[in-house]
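Please read it beside the sequence and the structure.

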Amino acid sequence: MIEKGTELPPLPLRVTRADLVRYAGASGDFNPIHWSDRVATAVGLPGVIAHGMLTMALAARLVTDWVGDPAAVRSYSVRFTRPVVVPDDDEGALLELSGKVTAVTEGDDGTRVASVLITARFDEKTVLGKAVAEVTLKG
Amino acid sequence: MPDPSFVGRALPPSAPYTVGREKIREFALAIGEGASVCTDVGAARAAGHRDVVAPPTFSVTFTMPHIEAFLKDPAFGWDYSRMVHGDQSITLHRPICGGDVLTTTIHVEDLKTRAGSHMLTLRCEIVDAADESVATTRLMLVTQADA
């Protein structure tokens, strides 16, 4: 039974430069701070950083993997609080995702909707603030 | 200095965007979303969808070019080169599926200058070919104000 306080299975994900290149192509976001150390450091970043929208998309997988259905997500919002710096090596950056159900509400049609608060950590610090997804529960 | 007279305005709607099956597959692969409803039409239909289902953040692929065009318009006066993404929300009134023909209208909701930064809030209303609401997204962008 999913209820307030239910914890989602944690999801550790590795993000490499190849992942950034692939996401750039798939999303159409070719901002060079996501692939060029030269440009990233010139604007004051420690190095190439992941697209905020990639971090947001990866964090949603905590929820879609858990409910087993990407179509169940009704709403999803995040604040981007810290960049995820992705080194040019085989390991990449480690994004550690965890989450907890903060409320379960029932709609007029009897549909149950869970609010999930997602925590995304990189380098032992949170990178997303107020990351909340509302998902329709089956059954 | 961005032109505050844009606040409260709706920009002209985008050209219609046709959501491609292969674009959804490509996006799902890029974010590691392995659900079969995103990649397999048969699985999507068996689950009650018209076609493959886009992952929750897919709308960025077709709203962002439209937003960028506005931000790079000299008439608005935004410093695109120093911009960071502050926050993002996505409300899906129904899942986005392959074959959808979607039109995006950007609404300029708010522009504030605080602590040396301009903060711009935009809302995108996404409708389908029948003019039914599909999704509402909202984003806050930040750029440094001139010293």
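Which residues of α1(B) are buried?

1. In α1(B), the buried residues are I24(B), F27(B), A28(B) and A30(B); a residue is buried if 20 or more other C-beta atoms, placed from the backbone, lie within 10 Å of its own, exposed if 12 or fewer, and partly exposed in between. Seen down the axis of α1(B), these buried residues fall within an arc of 160°, so they line one face of the helix. The arc is that of the directions from the helix axis to the C-beta atoms. An α-helix has 3.6 residues a turn, so residues three or four places apart point the same way. The buried residues of α1(B) pack against α1 (17–27) of chain A, and also against α2 and α4 of chain B. After α1(B) comes G32(B), with a positive phi near 75°.

2. Basis of the model. This is a predicted model, in which local features need pLDDT of at least 70, side-chain atom pairs count only at pLDDT 80 or more, and totals for chains, interfaces and linings use all residues. Residues are numbered from 1 along each chain as its sequence is written, and chains are lettered from A and ligands numbered from 1 in the order in which they are written. The model scores ipTM 0.96 and pTM 0.96. For chain B the mean pLDDT (the predictor's confidence in each residue, from 0 to 100) is 95, and 99% of its residues reach 70 or more.

3. Chain A. The chain has 3 helices and 6 strands, in the order β-α-α-α-β-β-β-β-β from the N terminus. Helices (H or I, at least four residues) and strands (E, at least two) are DSSP runs, numbered from the N terminus. The C-alpha trace of chain A spans about 55 × 30 × 25 Å along its principal axes, and 40% of its 139 residues count as buried.

4. Strand pairing within chain A. Two strands pair if DSSP finds at least two bridges between them. Strand β1 (residues 11–15) and strand β3 (residues 93–106) of chain A run antiparallel and are joined by 5 bridges, with V15(A) opposite A93(A). β3(A) is also joined to strand β4 (residues 112–122) of chain A, antiparallel, by 11 bridges; here L97(A) stands opposite A120(A). The hairpin of β3(A) and β4(A) has 5 residues between the strands, and G110(A) takes a positive phi near 85° there.

5. The core. The largest nonpolar core has 71 residues; such a core is a set of buried Ala, Val, Leu, Ile, Met, Phe, Trp, Tyr and Cys residues joined through C-beta atoms within 7 Å. Its largest share, 11 residues, comes from helix α3 (residues 52–67) of chain A. I118(A) is among the residues with the most contacts inside the core. Leaving aside neighbours within four places in sequence, the contacts of I118(A) include A59(A), V63(A) and L97(A); a contact requires C-beta atoms, placed from the backbone, within 7 Å.

6. The interface. The contact takes 27 residues from chain B and 26 residues from chain A. On the side of chain B that touches chain A, β2(B) gives the largest share, 8 residues. Strand β2 (residues 73–80) of chain A pairs with β2(B) in the antiparallel sense over 5 bridges, and R79(A) stands opposite D87(B).

Methods:
Contact = placed C-beta atoms within 7 Å.
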